[in-house]
Amino acid sequence: MAPGQVPGSAIRARHVLLASGGAGQLFSVTTNPLECTGDGIAIAIRAGAAVADLEFVQFHPTALHHPKMPRPLLSEALRGHGALLRDTTGARFVDELLPRDRVSRAMTARMLELDVDHCWLDATGLDHFAERFPTIDAALLEAGLDPATDWLPIAPAAHYICGGVVTDLDGATSLPGLWAAGEVACSGVHGANRLASNSLLEGMVFGARVVEAVQEGLDGPRDTGAMRAVLAADPTRTDVIGGRRLAWDLPPRGAVSVAVVDGEVDLLAERDALQHAMTTGAGVLRDATSLARSAEVVARVRAVVTTAGSSMAAWELANLADVGAALITAATARQESRGAHTRADFPETDPTLACRLVLG
């Protein structure tokens with residue numbers, strides 16, 4: 001809080017930078033901190049800024065299946081060194097060296113087939129585990145697991161949202177004076193499926209570019225990066241990824257009767273319900289029916305949270321619900337499978353959808 005600021009009062013600024021991270025807490029299992037509730041994306045949506053690529057959520061296939069949150073990651077390096085993926089019967093079922101999205105899809109399909117909530121990573125054949133992977137070894141020991149003798153329980157976890165608030169290559173959004181950098185932004189560097197460690201690019205490069213642009217006196221977006229899909233300076237160009245605007249407005253909130261605890265909305269229960277609906281219906285594998293079911297839950301939670309006061313928990317739930325509604329809208333409209341977005345009812349890639357779906 002600024003010196004002399006009255007609690008709850010507004011601070012006006014000519015330039016505002018969103019750098020609030022992603023929205024992994026939309027899902028029941030995530031590698032993201034508890035604070036990653038889509039706050040920046042939700043703020044931008046409500047302000048009318050363009051967002052895109054929200055349907056492309058990268059799930060890390062080998063997160064430790066353990067109550068700890070965020071879930072500890074068991075790096076691809078383990079599989080690169082020979083660790084094996086097994087289902088709960090002990091059988092191998094996928095090439096361990098495939099990309100993250102393909103391994104996550106194979107794991108999810110097998111888990112649904114066997115009606116289980118995890119698979120196994122067998123690293124018992126790796127020599128000198130503690131010396132080669134000291135950080136992972138420490139996390140496993142804390143969880144009571146010995147990689148030399150124990151198979152490690154794993155499940156896909158929401159890891160990184162490839163889309164967000166659309167920006168140009170300087171971090172400018174479609175609203176003059178509003179900037180974004182990091183996972184909250186859709187700068188265009190990830191496409192439909194982020195490469196490992198590419199998140200460093202968004203934070204280290206675009207954060208600095210925003211500062212430089214503001215110092216130069218820039219105030220609005222230019223026709224560069226992902227912003228080309230919004231400004232559409234020349235829609236006949238074929239050398240850039242175009243954009244297709246979705247006819248969508250954030251539905252108005254309402255009031256409904258909800259489960260209460262001591263006369264108040266049970267925000268934790270509602271957040272759990274939202275996360276479960278997003279995980280089962282809008283997670284690794286999606287189809288029209290599952291997305292519609294998720295949309296119903298998200299709509300109900302959006303209505304619920306208006307009755308929940310102005311606590312931080314209420315705001316976080318409101319933000320998750322708004323981002324969830326936008327994500328489901330984009331995932332429903334993208335009737336194909338591409339990158340980190342998989343539709344079981346549209347398993348092929350549609351060349352006509354080689355574009356960004358823009359909301360706002």
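**A close look at glutamate 202**

Guide: Start with the contacts. Neighbours within four places in sequence aside, glutamate 202 touches Tyr160, Ala181, Gly182, Glu183, Ala185, Ser187, Val189, His190 and Gly207. Bear in mind that this is a predicted model. Glutamate 202 belongs to helix 6, which covers residues 199–215.

Now the charge. Glutamate 202 is buried, yet it has no salt bridge. The nearest side chain of opposite charge belongs to arginine 194, and it is 7.7 Å away.

Ala185 is among the residues in contact with glutamate 202. In strand 9, alanine 185 is the bridge partner of valine 165. Strand 9 and strand 7 (residues 164–166) run parallel and are joined by two bridges. Both belong to an open sheet of five strands, ordered 9-7-2-13-10, with mixed pairing. Strand 9 (185–186) and strand 10 (242–245) are at the edges; each has a single partner strand, so one side of each lacks a neighbour in the sheet.

Four strands make it up, in the order 3-6-5-4, and the pairing is antiparallel. Its edge strands are strand 3 (57–64) and strand 4 (84–86), each pairing on one side only. On average, neighbouring strands in this sheet are turned by 40 degrees against each other, direction ignored. Strand 4 pairs with strand 5 (residues 119–122) through three bridges, in the antiparallel sense. Leucine 85 stands opposite leucine 121 of strand 5.

Arginine 46 sits in helix 1 (residues 39–47) and aspartate 322 in helix 10 (residues 312–333), so the pair ties together parts 276 residues apart in sequence. Arginine 46 counts as partly exposed, at 36% relative accessibility. Aspartate 322 is buried, with a relative accessible area of 0%.

Next, glutamate 76 and arginine 100. Their side chains meet in a salt bridge at 2.3 Å, N to O. This pair links distant parts of the chain, 24 residues apart: glutamate 76 is in helix 2 (residues 76–80) and arginine 100 in helix 3 (residues 100–114). Glutamate 76 is partly exposed at 26% relative accessibility. Arginine 100 is buried, with a relative accessible area of 12%.

Helix 3 also holds arginine 110. The side chain of arginine 110 meets that of aspartate 87 in a salt bridge of 2.6 Å, N to O. Aspartate 87 lies in the loop between strand 4 and helix 3, so this pair ties together parts 23 residues apart in sequence. Arginine 110 is partly exposed, with a relative accessible area of 22%, whereas aspartate 87 is buried at 3%. Finally, salt bridges with shared partners join Glu55, Arg334, Glu336 and Arg338 into one network.

Definitions and conventions: Residues are numbered from 1 along each chain as its sequence is written. This is a predicted model: local features need pLDDT of at least 70, side-chain atom pairs count only at pLDDT 80 or more; totals for chains, interfaces and linings use all residues. Side-chain values use heavy atoms; hydrogens and water are left out. Buried means under 20% relative accessible area, exposed over 50%, partly exposed in between (1.4 Å probe, protein chains only). Lys and Arg count as positive and Asp and Glu as negative; His and the chain ends are not counted. A salt bridge is a side-chain nitrogen of Lys or Arg within 4 Å of a carboxyl oxygen of Asp or Glu. Contact means heavy atoms within 4.5 Å. Two strands pair if DSSP finds at least two bridges between them. Axes are lines fitted to C-alpha atoms, for helices over the stretch in contact, and angles run from 0 to 180 degrees between N-to-C directions.
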